[in-house]
Amino acid sequence: MRLKEWAAKQGVSYRTALNWFHSGTLPAPARQLPTGTILIEPQAEDDGDAVAYCRVSSADQKDDLERQAGRVALSCSRRGIGLGRTVCETGSGLEGNLVELRRLLADASVSTIVVEHRDRLARFGFEQVEAALAAQGRSIVVLDEAEVEDDLVPEMTEVLIWMCARLYGRRSAQRRARAAMKAASESAS
């Protein structure tokens, strides 16, 4: 596979991959042809586990979590991805206290993380996580590239509450956040 295709698959820019190649830090075996084309040698896909990561925002979505895990397993079997295990977690994609996700990212034996949607892994910063894993020779497989917006309103409310709490104190934060959401929805109408 050509370096440009490999870089796109890993989620890094071609220039970054080229710099890695020239500095000798490219996380895959590569060679340069006399024409100047850089080829990445195919690697066996079995150098680590593929793990499915499923997440929902709140405990009342427990049934959705089970259905999500089933959809991910089915899609992986259709694509020929052998899953080692499935990790399920309940928590907001905006917060940094997702314990299972941190364990999964820290586990070097996990070579591929499979998610149904990008926002199931992280609401913001997905590209940075993907690039950091690519630098380690690991990858993220997103089964459905479409954006999911059903969780966005509660998570934006959470952000507003957090910001209001920082500005005005904990007691009035929730009331001020609700007022801000009401004003935003009225102005959008």
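**Getting started**

This is a predicted model, in which local features need pLDDT of at least 70 and side-chain atom pairs count only at pLDDT 80 or more, while totals for chains, interfaces and linings use all residues. Residues are numbered from 1 along each chain as its sequence is written, and side-chain values use heavy atoms, with hydrogens and water left out.

The predictor's confidence in each residue is its pLDDT, on a scale from 0 to 100. For the protein chain the mean pLDDT is 81, with 88% of the residues at 70 or more. Where pLDDT is low, the predicted coordinates should not be read in detail.

**The overall fold**

The protein chain has eight helices and six strands. Both kinds of element are DSSP runs numbered from the N terminus: helices are H or I with at least four residues, strands E with at least two. Along the sequence they follow the pattern α-α-β-β-β-α-β-α-β-α-α-β-α-α.

Of the 189 residues, 33% are buried. Here buried means under 20% relative accessible area, exposed means over 50%, and partly exposed lies in between (1.4 Å probe, protein chains only). A contact means heavy atoms within 4.5 Å. Among contacts between residues at least 6 apart in sequence, 61% join residues at least 24 apart.

**Strand S5 and the largest core**

A nonpolar core is a set of buried Ala, Val, Leu, Ile, Met, Phe, Trp, Tyr and Cys residues joined through side-chain atoms within 4.5 Å. The largest one has 14 residues, and Tyr53, Leu104, Ile113, Val115, Leu121 and Ile140 have the most contacts inside it. Two or more residues each come from strand S3 (49-56), helix H4 (99-106), strand S5 (110-115), helix H6 (126-135) and strand S6 (139-142). S5 gives the largest share, three residues.

S5 is mostly covered, with six of its six residues buried.

| Strand pair | Sense | Bridges | Facing residues |
|---|---|---|---|
| S3 and S5 | parallel | four | Ala52 and Val114 |
| S5 and S6 | parallel | four | Ile113 and Ile140 |

Leaving aside neighbours within four places in sequence, Tyr53 touches residues including Val87, Leu104, Ile113, Val115 and Leu121. A second, separate core of 13 residues includes Leu3, Trp6, Ala7 and Ala28.

Helix H1 (residues 3-10) has Leu3, Trp6, Ala7 and Gln10 as its buried residues. They lie on the same side of H1 because they cover an arc of only 100° around the axis, an arc taken from the directions from the helix axis to the C-beta atoms. These buried residues pack against helix H2 (14-23), strand S2 (38-40), H6 and S6. Exposed Lys4, Ala8 and Lys9 sit on the face turned away from the buried side.

**The cysteines**

How many disulfides does a search of the whole structure find? The count is zero, where a disulfide is a pair of cysteine sulfur atoms within 2.5 Å. For Cys54, the nearest cysteine sulfur is that of Cys88, 4.8 Å away. Cys54 is buried, at a relative accessible area of 0%. For Cys76, the nearest cysteine sulfur is that of Cys54, 8.8 Å away. Cys76 also counts as buried, at 1% relative accessibility.

Conventions:
Pairing = 2+ DSSP bridges.
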